[in-house]
Amino acid sequence: MVIGVDISGSSLQALEKEARTFDGKCIGVIGDIKEPLTSVKAVDTAIQHFGRLDYLFNNAGIEFISPLLETEDSNWDEVIDTNLRGTFLMSKRCCQVMADTGFGVIVNNASDAGIRGIKVNAAYSISKAGIVHLTRSIALDYADKGIRANCICPGCIRTPLCERFNAEVGERKGKSGAEVLKEFVQENIPMLRVGEPEEVASVVLFLCSDDARYVTGAVIPIDGGLTAGM
Ligand SMILES: NC(=O)c1ccc[n+]([C@@H]2O[C@H](COP(=O)([O-])OP(=O)(O)OC[C@H]3O[C@@H](n4cnc5c(N)ncnc54)[C@H](O)[C@@H]3O)[C@@H](O)[C@H]2O)c1
């Protein structure tokens, strides 16, 4: 049983539909994660329906492609507020409840951009690097309350975000998104392919499971070897 939080109603509907195919239950909360009220609504909904809250996966995020001099102050705020503040607010509110019950697992979705520099990506990279350290802080501060916190760093995963990213980079280079992606994969990913969303989900499930009971504060690339050689 999950509470899905998303700013987009159609994304939530898709999630609810998918949950039904697995005989699962998903309750959608429409909201913007950078607004404090969203985390309050999400946690209250979980407690109301399930009586407790055991796991938090901070997945929502936005991409922004731009070198520093083309990054407007408002762009910076939007990216940092969505990715970093949103993760902070959701984590803080969930941690309060988890600390009370003495159990909880948090998995934060950062990015390969959070553990290395990427061109034309300043605001996004900073937001993701911040998530890496926020995760470590939670792990350190709340291990004694039964809370584990880990961070995943996906590389290039087949999602709409990845498609938009390559299309935008392609525009800057006068190439198609597909061409940019193909070249990137051949030159940078040792496994020579992009990742699938399921290959991210399986790591998240492992981190939430009891098999990972001694894992906290970890930062785990899921990238086909992309960042292995940095
Ligand atoms: N796809 C990749 O290659 C890749 C690589 C590294 C990291 N990531 C990270 O994985 C996560 C998921 O990305 P994705 O590729 O599925 O992207 P996506 O754009 O396909 O999905 C992102 C989801 O977040 C939601 N969202 C955006 N802003 C929000 C807000 N303010 N409040 C609530 N919901 C909001 C969107 O509506 C959407 O449903 C992101 O944090 C992203 O940075 C993705």
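1. A backbone N or O atom of G155 lies 3.3 Å from an oxygen atom of the ligand, a polar contact in the sense of a pair of N or O atoms within 3.5 Å. The side chain of T159 places an N or O atom 2.5 Å from a ligand oxygen. For I33, a polar backbone atom is 3.0 Å from a nitrogen atom of the ligand. The protein covers 86% of the 840 Å² of accessible area that the ligand has on its own (Shrake-Rupley method, 1.4 Å probe).

2. This is a predicted model, in which local features need pLDDT of at least 70 and side-chain atom pairs pLDDT 80 or more, while totals for chains, interfaces and linings use all residues. Residues are numbered from 1 along each chain as its sequence is written, and side-chain values use heavy atoms, without hydrogens and water.

3. The ligand is surrounded by 26 residues, the closest being D6, D32, N59, Y124 and T159; a residue is counted if one of its heavy atoms lies within 4 Å. By class, this shell has 12 nonpolar, 10 polar and 4 charged residues, with Gly among the polar and Tyr among the nonpolar. Helix α5 gives the most, with 4 residues (helices are DSSP runs of H or I, at least four residues; strands are runs of E, at least two).

4. The whole structure has 1 aromatic pair (ring centres within 6.5 Å; planes under 30 degrees apart are stacked, over 60 edge-to-face, the rest tilted). Y55 and F103 form this pair edge-to-face, at 6.0 Å centre to centre and 90 degrees between the planes. Because Y55 lies in strand β3 and F103 in the loop between α3 and β4, the pair ties together parts that are 48 residues apart in sequence.

Technical notes:
A polar contact is a pair of N or O atoms within 3.5 Å; within protein, one must be able to donate a hydrogen and the other to accept it, and residues adjacent in sequence count only if both atoms are side-chain atoms.
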